[in-house]
Amino acid sequence: MTLVWPVELPQDVLVEGYDEKFSLQTIRTQVDTGPAKVRRRTSAGVRLLSCSLDLTRVQVDLLDQFYHATLQGGALSFEWKHPRTQAMSLMRLVDPPAMKPLSGMLWIAKLSLEILP
């Protein structure tokens, strides 16, 4: 059974704080003289993605439950729409979500994700 990002949580991330890093698929070996040797290590690399979401207090509780119970503290992966490509992608949280209050009713959640091949 594939887990899916809850529909009650925002489906689009904020532009501010968005950062995507393509996967490193090569290995580099330094040599005594001349340029380093480079070869492909893998054809299925993991992309790293950092993003933020605006959440209400209810959504903060829902994200807490999704992370701790559904994803077993981040051990399990889930499907979610990739923010840039809009394609459904298999993702996993690298770190626990970080929460910061914006006001009495709004919070910002910072997510660090890996997009799995």
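The exercises below each consist of a task and a stepwise solution.

The model is predicted: local features need pLDDT of at least 70, side-chain atom pairs count only at pLDDT 80 or more, and totals for chains, interfaces and linings use all residues. Residues are numbered from 1 along each chain as its sequence is written, and side-chain values use heavy atoms, with hydrogens and water left out.

**Exercise 1.** Determine how many salt bridges there are, and describe the one between Lys 81 and Asp 12.

*Solution.* 
Step 1. A salt bridge is a side-chain nitrogen of Lys or Arg within 4 Å of a carboxyl oxygen of Asp or Glu. By this rule the count is 4 salt bridges.
Step 2. Between the side chains of Lys 81 and Asp 12, the N to O distance is 3.2 Å. This pair links distant parts of the chain, 69 residues apart: Lys 81 is in strand 6 (residues 78–81), while Asp 12 is in the loop between strand 1 (3–4) and strand 2 (19–21). Helices (H or I, at least four residues) and strands (E, at least two) are DSSP runs, numbered from the N terminus.
Step 3. Accessibility is classed as buried under 20% relative accessible area, exposed over 50%, and partly exposed in between (1.4 Å probe, protein chains only). Lys 81, with 22%, is therefore partly exposed, and Asp 12, with 51%, is exposed.

**Exercise 2.** Identify the network of salt bridges that includes Arg 84, and characterise the pair Arg 84 and Glu 20.

*Solution.* 
Step 1. The network links Glu 20, Arg 47 and Arg 84.
Step 2. In the salt bridge of Arg 84 with Glu 20, the closest N and O atoms are 2.9 Å apart. Arg 84 lies in the loop between strand 6 and strand 7 (88–93) and Glu 20 in strand 2, so the pair ties together parts 64 residues apart in sequence.
Step 3. Arg 84 is partly exposed at 45% relative accessible area, whereas Glu 20 is buried at 17%.

**Exercise 3.** Which residues touch the most other members of the largest nonpolar core?

*Solution.* 
Step 1. A nonpolar core is a set of buried Ala, Val, Leu, Ile, Met, Phe, Trp, Tyr and Cys residues joined through side-chain atoms within 4.5 Å.
Step 2. The largest such core has 21 residues, of which Trp 5, Phe 78, Trp 80, Leu 111 and Leu 113 touch the most other members.
Step 3. Strand 5 (47–56), helix 1, strand 6, strand 7 and strand 9 are the elements that give two or more residues to this core.
Step 4. Leaving aside neighbours within four places in sequence, the contacts of Phe 78 include Trp 5, Phe 66, Leu 90 and Leu 113.

**Exercise 4.** In which sense do strand 8 and strand 9 pair?

*Solution.* 
Step 1. Two strands pair if DSSP finds at least two bridges between them.
Step 2. Strand 8 (residues 98–101) and strand 9 are antiparallel, with 4 bridges.
Step 3. Met 99 has Ala 109 in strand 9 as its bridge partner, and a hairpin of 4 residues joins strand 8 to strand 9.

Terms used:
Contact = heavy atoms within 4.5 Å.
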